[in-house]
Structures are given as structure tokens and as C-alpha cells.
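Reader: Could you take me through this model, please? I shall ask as we go.
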There are 2 protein chains.
Amino acid sequence: MSLESVPPKYAQLVQALQRRIESGTYPPGSMLPSEHQLIQEFSVSRPTVVAALRVLREQGWIESQQGKGRFVRGRPAMATVESNRPGQAYLTSPETDAPGELVEAAAVALPNRVAVLLEAEPKGKAFLRRRLVVREGEPSELVSLWLPLELSEGTDLTSGEPLPQGIRQHLRSRKGVRFDHIVEQITARMPTAAEAKQLGMPKNVPLLAVFGAVRDASGRPLVVVEVLLPADRHELEDAYPVR
Amino acid sequence: MSLESVPPKYAQLVQALQRRIESGTYPPGSMLPSEHQLIQEFSVSRPTVVAALRVLREQGWIESQQGKGRFVRGRPAMATVESNRPGQAYLTSPETDAPGELVEAAAVALPNRVAVLLEAEPKGKAFLRRRLVVREGEPSELVSLWLPLELSEGTDLTSGEPLPQGIRQHLRSRKGVRFDHIVEQITARMPTAAEAKQLGMPKNVPLLAVFGAVRDASGRPLVVVEVLLPADRHELEDAYPVR
DNA sequence: ACCCGACAGGTTGTTTTACCAAGTTTGAGC
DNA sequence: GCTCAAACTTGGTAAAACAACCTGTCGGGT
């Protein structure tokens with residue numbers, strides 16, 4: 001009768017231990033109760049305890065030393081830092097979420113750099129969808145999306161209307177392609193006159209240009225997204241563990 | 001009698017399956033043999049098979065669907081892409097590895113931005129170690145390292161000599177601090193006259209400025225590293241999976 | 001003939017019991 | 001004081017059972 005599915009025991013144990021670490025019951029540096037103690041306290045079997053502790057170790061909450069015990073490291077600082085990758089948001093969230101203006105949606109000749117990232121003919125054509133994102137009433141970022149013509153056919157990306165759906169989802173449902181990873185390149189350069197005008201920025205401040213080549217699991221390039229950010233208004237922030 | 005320790009069985013199974021995927025025996029998209037088949041072929045127990053398949057799934061080689069089976073995704077493209085994080089190399093590899101010139105090593109007043117990253121007094125002092133890295137005979141990057149005075153005491157970082165040891169290792173052995181993760185900020189700006197001269201670059205090309213705040217497991221800032229890259233000679237490349 | 005549900009058989013996911021191996025600490029006995 | 005064995009810890013393997021899920025087939029009904 002219970003429609004709400006209960007989480008597995010080992011996941012419950014994970015959450016219970018996380019709460020104790022966060023509340024200070026198990027302060028950083030201290031030793032966790034041994035497997036045997038946890039088995040008795042929570043009335044579960046050893047593999048269940050081990051599974052929970054394995055998750056905690058892999059997520060960085062604790063570390064373990066064979067023969068000694070498991071030691072609290074504390075809340076992994078990385079868990080809260082949600083990778084704020086540029087481009088990522090443009091691919092997953094609907095265009096209708098962010099106010100902006102579609103400035104281009106047509107088949108164009110590929111810039112050299114984009115052609116390389118798409119592994120396409122140097123002077124081939126592809127579909128370009130370019131959008132000027134507005135934040136707080138001012139132009140903020142210029143986002144360009146290139147995709148091969150065969151991937152744009154039969155999608156709503158060729159229309160002039162803002163997509164009510166994430167590009168990632170749209171392409172998966174319409175064309176059956178699955179995004180796997182992104183190869184990202186970051187450069188800085190001076191804006192062209194047209195770019196400076198569109199973005200409403202001074203001509204003497206540089207642009208941060210982020211190229212993201214989206215690929216499937218086999219490494220085949222699917223789409224390329226370029227994000228242009230005026231450097232006086234934007235920075236990129238990210239966090240990653242050291243080894 | 002064998003002193004060389006054999007890897008655990010589940011790890012051997014992981015390697016065996018990885019080889020089969022790479023060699024094309026299990027092509028991408030195909031279904032892996034069921035757990036039962038693997039148990040019989042390799043003469044191991046089910047937990048061993050499951051442990052191996054869990055590793056493969058977590059590393060992105062396969063994906064599993066309850067009730068259907070496990071499906072080959074292919075070699076995870078991310079595994080080979082060694083995160084080429086700027087700053088990372090300066091922290092781990094010895095200074096003597098890369099030719100360059102130490103341009104500054106003294107206690108100085110903290111720039112505002114660095115003070116924020118170090119969570120220090122806005123006008124406090126810290127030790128600055130700045131190095132001009134030379135590649136192919138030309139100045140290439142300007143690397144600055146700020147660390148709190150109490151962390152610089154008793155280390156060889158205050159000397160004018162190139163460190164024969166990685167900074168990360170040096171600080172761990174001398175001061176007992178452990179690097180855990182880095183919060184990275186990327187900006188672009190025009191070079192100052194002094195920077196342009198040191199880097200031997202035109203004054204009208206922008207700089208890519210990378211700030212890396214190194215922290216321990218609890219989130220306390222330890223050191224800040226800044227890498228200045230002339231944008232006409234450098235780009236930043238990275239790869240990451242999309243969820 | 002067609003559709004739809006029940007059912008059987010396959011798959012992975014989770015939990016339990018049991019035993020052995022390897023590393024660390026402790027203390028008893030010399 | 002030193003040595004070594006016992007008792008602790010985590011790591012790995014084996015065997016079994018149940019649950020949840022998917023996909024066919026085989027009915028019966030329309």
C-alpha cells in the first residue's frame with residue numbers, strides 16, 4: 001500500500017552518518033565507530049555498513065586505514081560547490097527561463113575554429129542559433145550554438161521562437177543523441193565592433209570566450225556552444241579537488 | 001611465498017572487461033553478459049562480479065538498467081583527459097622542472113582580491129613568490145604565489161633559490177598542511193605596462209588571469225596562486241562530463 | 001482477427017550470513 | 001626492556017535469498 005518507496009538501508013545509513021558529522025557528533029579527525037559497533041547500533045548486516053561507509057569514503061566525508069579505523073574528514077567542501085560551468089546552463093535549461101533576444105537562426109558557413117571542434121569540413125555549413133541573454137535589463141552574454149545540418153533537421157531549433165525545453169532534452173527526444181561530456185576551451189580577445197555594439201560594452205575591455213564542444217560517449221562531436229562574456233562584468237568560477 | 005601481492009579478484013575482472021570493451025569484443029551499445037554468465041566464465045561469486053561492474057559503471061564504461069541488463073558505453077573519454085588545470089602543475093611539480101626566473105620573493109601588502117581569497121585582513125601582509133616561466137626561450141607565464149606569513153616561516157619558499165620539490169609536498173612535510181581542493185576564478189583584463197614588459201607581449205592583447213585559492217579539507221584557505229597568460233599565446237582547455 | 005491482461009522467466013538491486021586475509025595496537029610473558 | 005601472540009580493526013570472497021523491474025508468451029475476451 002505504501003506508494004512512496006523507502007530508500008535502501010545503506011542510503012539511510014549514509015544520511016544518518018552525514019547528519020552526525022555535520023552536527024559535530026563525529027568531529028573532524030575523530031574515529032568513526034567500528035563496523036561492529038555500527039552493526040549493533042543500526043541492526044544491519046556488515047555488507048550494508050560497508051556499503052554505506054564506501055559511499056562516504058568515495059564522496060570524501062571520511063577516509064579509512066586498514067587495521068586502524070575510519071576517520072572523519074568533515075563535510076566535503078566540493079559537494080556544495082555546484083560546478084557552474086558556462087555553457088552547461090544553456091544546454092539544459094529552457095531558453096524561456098532566461099530573458100533574451102534571438103539574434104540569429106540560420107544555416108551559415110562555419111568559422112574555422114568551430115569547424116575543427118565539430119570535425120567538419122573547413123568551409124562547410126551548419127546551423128547557427130545565436131541568442132543575446134539579458135540580465136537585469138542589460139545585455140549580458142552572447143550565446144552561439146552551432147549544430148550540423150542533419151542534427152538540426154526536424155527540431156524546433158530552426159524556428160525563431162524561444163525553446164520551452166532544454167536543448168539537451170530536445171535533441172535527445174527528437175534525434176536520439178545523448179550528451180556525454182564537454183571539451184571546453186577558454187580564451188580572451190578583444191571584441192569586434194559588432195560584438196561590442198550588441199553587448200553594449202566599451203571597445204577597450206576584453207571578452208572572455210568560452211568554446212564548449214559537446215560530445216557523445218564515443219567522442220563524436222554533436223554541437224558546439226560559444227559563450228561571449230564581457231570581462232568587466234563576468235568571471236568564471238569553479239572548484240575541483242586536488243588529486 | 002609470493003611477495004608480490006596479487007590484485008583482488010574484482011579488480012582483475014574490471015581489467016579483463018575493460019580490455020574486452022577496448023578490443024571491440026563488447027562493442028558500444030551491446031549488452032554485457034549477465035551476472036550469471038560472468039560468474040560461470042570467471043568462476044567467481046556474485047558479489048565479486050557485482051563489485052567489478054559497479055566500478056565500471058562508476059567510471060563510465062557501462063550503464064545498467066534494472067530488469068534489462070548492462071550496456072557498453074565505451075571507453076570513458078574523460079579518463080584520458082588529464083585535467084590540465086592551470087595552477088595545478090605549479091603546486092605539484094618542482095620549480096626546477098620548468099626553466100624560469102624568480103622575479104620576486106618577499107613579504108608584501110596583499111592585493112585586495114588576494115586578501116579576500118585568503119580570508120585575511122584587507123591591508124595585511126603576506127609572502128609573495130613570483131616567477132616568470134620561460135618556454136622555448138620566450139617568457140610565457142607569470143606565476144604568483146601568496147601565502148600567509150605563518151605558513152611561509154620555516155620553509156624554503158622564502159629563499160631565492162628554485163625549489164627542487166613540489167610546493168604541495170614541501171608545505172606538507174614542513175608545515176603539516178594538506179591541500180584538498182582549489183577554487184578557481186578566471187578573468188580577462190588588459191596587462192599593466194610592467195606586466196606587458198615582463199611577459200614581452202604587445203600592450204593591446206588581453207591577459208587571461210587565473211586565480212586559484214587552495215584550501216584544506218575544512219575549507220580554510222592556505223595559499224593563493226595567480227597565473228597570468230597572454231591570450232595570444234595561451235588558452236585553457238578542460239573536459240568534464242555532463243550529468 | 002485483434003486487443004489486453006496474467007503469467008513465467010530473465011535481469012539487476014538489496015540484504016543477510018559466513019569465513020578468511022591483512023594491518024595495527026595492546027599487553028602478557030619472557 | 002623486549003618479543004610475540006592475542007584481539008582489535010578494515011578489506012575481500014563466497015553462497016543464498018528476496019525484491020523490483022523488464023520482456024516476452026499464452027491465454028481469454030472483445
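Reader: How is chain A divided?
Author: Chain A is divided into domain 1 (9–75) and domain 2 (82–230), with bounds from an automatic or database domain assignment. The centres of these two domains of chain A, taken over C-alpha atoms, are separated by 44 Å.
Reader: What are the conventions here?
Author: This is a predicted model, in which local features need pLDDT of at least 70 and side-chain atom pairs count only at pLDDT 80 or more, while totals for chains, interfaces and linings use all residues. Residues are numbered from 1 along each chain as its sequence is written, chains are lettered from A and ligands numbered from 1 in the order in which they are written, and side-chain values use heavy atoms, leaving out hydrogens and water.
Reader: Turning to DNA strand D, which residues come nearest?
Author: A:R46, A:S64, A:Q66, A:R70 and B:K9 come nearest, of the 22 residues around DNA strand D (a heavy atom within 4 Å counts as near). Sugar and phosphate make up 74% of the atoms of DNA strand D that come within 4 Å of the protein.
Reader: How far is the polar side-chain atom of A:S64 from a phosphate oxygen?
Author: The distance is 2.9 Å for A:S64, and for A:S34 a polar side-chain atom lies 3.0 Å from a phosphate oxygen of DNA strand D.
Reader: And A:Q66, what does its side chain approach?
Author: An N or O atom in the side chain of A:Q66 is 2.7 Å from a sugar or linking oxygen of DNA strand D.

Definitions and conventions. Polar contact = N/O pair within 3.5 Å; in protein donor to acceptor, adjacent residues only side chain to side chain.
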